[in-house]
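Welcome! Here is a friendly walk through one protein model, a stop at a time. Please have a look at the sequence and the structure, and then read on.

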Amino acid sequence: MNENENYDVVVVGGGAAGLSGAVALARSRRSVLVVDAGDPRNAPAGHVHNFLSRDGVPPSELYAAGRVEVTGYGGRVQTGRVTALARDGEWFGVEISARDGEQDGEQGGERTVAARRLLVATGVRDVLPDVPGLAARWGIDVLHCPYCHGWEVRGQRIGILATGPAAVHQALLFQQLSPHVTLLQHTGPALDADQREQLAALGVAIAEGEVERIEADADGLTGVVLAGHGHLALDAVVVAPRMEARAELLGPLGLKPAEVLIGDHPVGTRIEADRSGATAVPGVWVAGNLTDPQAQLIAAAAAGLTAGAMINFDLILDEARRRG
């Protein structure tokens with residue numbers, strides 16, 4: 001390891017959770033390095049919503065402001081990718097593949113730094129249903145969260161693409177925003193009588209048949225093609241992607257993703273942790289979507305702050321033990 005680069009904490013991931021944790025640690029006079037690969041989950045989205053005082057800001061601007069805050073308190077932010085994590089006695093080795101032109105002036109290349117503690121906030125990757133045309137509209141007019149993007153499609157023709165049990169829940173939420181909501185049965189589970197009655201009571205239509213493709217023109221999404229039923233005009237489509245934890249780095253440390261279930265239906269994976277973000281591996285914390293795939297941005301930021309505060313206290317206890 002590079003003996004000139006020993007940190008109290010290395011934060012892996014420069015999104016809301018990682019940067020919030022880094023600010024808390026830097027303000028506590030901890031030496032902190034944030035390694036940011038620059039590919040946040042919400043990169044396809046044009047704007048952030050439900051983040052108090054920052055509503056409507058592009059995600060890139062929010063993260064840029066966070067990096068300025070981290071460095072303003074003495075932390076460091078590096079554009080690059082952590083390629084491996086390993087325990088080395090009471091320290092962790094963090095292998096970094098860097099790119100030229102980083103924020104903190106480092107040159108590109110590979111190196112290994114040492115950390116007393118790790119905060120991993122690498123998030124999840126959204127795996128979309130395999131429907132032609134869907135991925136190209138993701139984050140534009142193919143959406144998943146009514147609180148993130150629902151206001152922007154209020155009053156429009158909205159289709160809910162059913163692939164699992166979350167579809168009915170999404171339909172109920174989006175009907176609050178528009179009277180023109182259709183549940184696209186697609187490959188979702190059969191609806192029971194209670195669900196059909198509930199949807200009918202709230203004016204949600206049901207369209208049978210699998211969705212063969214999403215259609216769009218230069219102005220945006222125009223609708224879907226249903227097998228055996230032709231074109232259905234829509235302005236937006238709502239999906240429930242599978243949320244897979246970006247947890248490959250944690251495997252060698254003994255942390256494997258656990259399935260996230262809605263009832264008996266798997267909807268993604270997460271790294272299990274307590275409320276502070278502490279994992280089963282001493283010295284390793286996680287925050288944000290990596291451990292809570294459904295957390296919105298402001299919740300991820302709060303989780304990062306909590307993890308940063310707990311890491312700082314854990315280091316204090318360790319220092320007291322060593323000096324006692």
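## E259 and its partner

E259 is partly exposed, with a relative accessibility of 46% (buried is under 20% relative accessible area, exposed over 50%, partly exposed in between, with a 1.4 Å probe and protein chains only). Its side chain meets that of R242 in a salt bridge, 3.3 Å from N to O (a side-chain nitrogen of Lys or Arg within 4 Å of a carboxyl oxygen of Asp or Glu). This pair links distant parts of the chain, with E259 in strand β16 and R242 in strand β15, 17 residues apart. Strands, like helices, are DSSP runs numbered from the N terminus: E for strands, at least two residues, and H or I for helices, at least four.

R242 also forms a salt bridge with E244, where the closest N and O atoms are 3.2 Å apart. R242 is partly exposed at 26%, and E244 is partly exposed at 27%.

## About the model

This is a predicted model, in which local features need pLDDT of at least 70 and side-chain atom pairs count only at pLDDT 80 or more, while totals for chains, interfaces and linings use all residues. Residues are numbered from 1 along each chain as its sequence is written, and side-chain values use heavy atoms, leaving out hydrogens and water.

Side chains of opposite charge can pair when their charged atoms come close. The whole structure holds 22 salt bridges. One of them joins R30 and E319 at 2.7 Å, N to O. R30 sits in the loop between α1 (16-27) and β2 (32-36) and E319 in helix α6, so the pair ties together parts that are 289 residues apart in sequence. R30 is buried at 10% relative accessibility, and E319 is buried at 17%. Both belong to a network of salt bridges that also links D8, E90, R116, D318, R321 and R322.

Helix α6 covers residues 297-323 and includes F313, which is partly exposed at 44%. Together with I316 and L317, F313 forms a nonpolar surface patch of about 270 Å² of accessible area. For such a patch, residues need over 30% relative accessible area and no salt bridge, with nonpolar side chains (Val, Leu, Ile, Met, Phe, Trp, Tyr) joined within 5 Å and like charges within 9 Å; areas come from the Shrake-Rupley method with a 1.4 Å probe, and for residues only the protein chains shown count as cover.

T291 lies in the loop between β18 (284-286) and α6. It is buried at 13% relative accessibility, and its side chain reaches the backbone oxygen of I271 at 2.7 Å.

## Two cysteines

How many disulfides does a search of the whole structure find? The search finds 0 (a disulfide is a pair of cysteine sulfur atoms within 2.5 Å). For C145, the nearest cysteine sulfur is that of C148, 3.1 Å away. C145 is buried at 9% relative accessibility, and C148 is buried at 18%.

## A buried loop residue

L249 lies in the loop between β15 (242-245) and β16 (258-262). L249 is buried, with a relative accessible area of 18%. Leaving aside neighbours within four places in sequence, L249 is in contact (heavy atoms within 4.5 Å) with V12, V82, T83, A84 and L85. The C-alpha atoms of L249 and T222 are separated by 40 Å, and these residues are 27 apart along the chain.

Note on methods:
A polar contact is a pair of N or O atoms within 3.5 Å; within protein, one must be able to donate a hydrogen and the other to accept it, and residues adjacent in sequence count only if both atoms are side-chain atoms.
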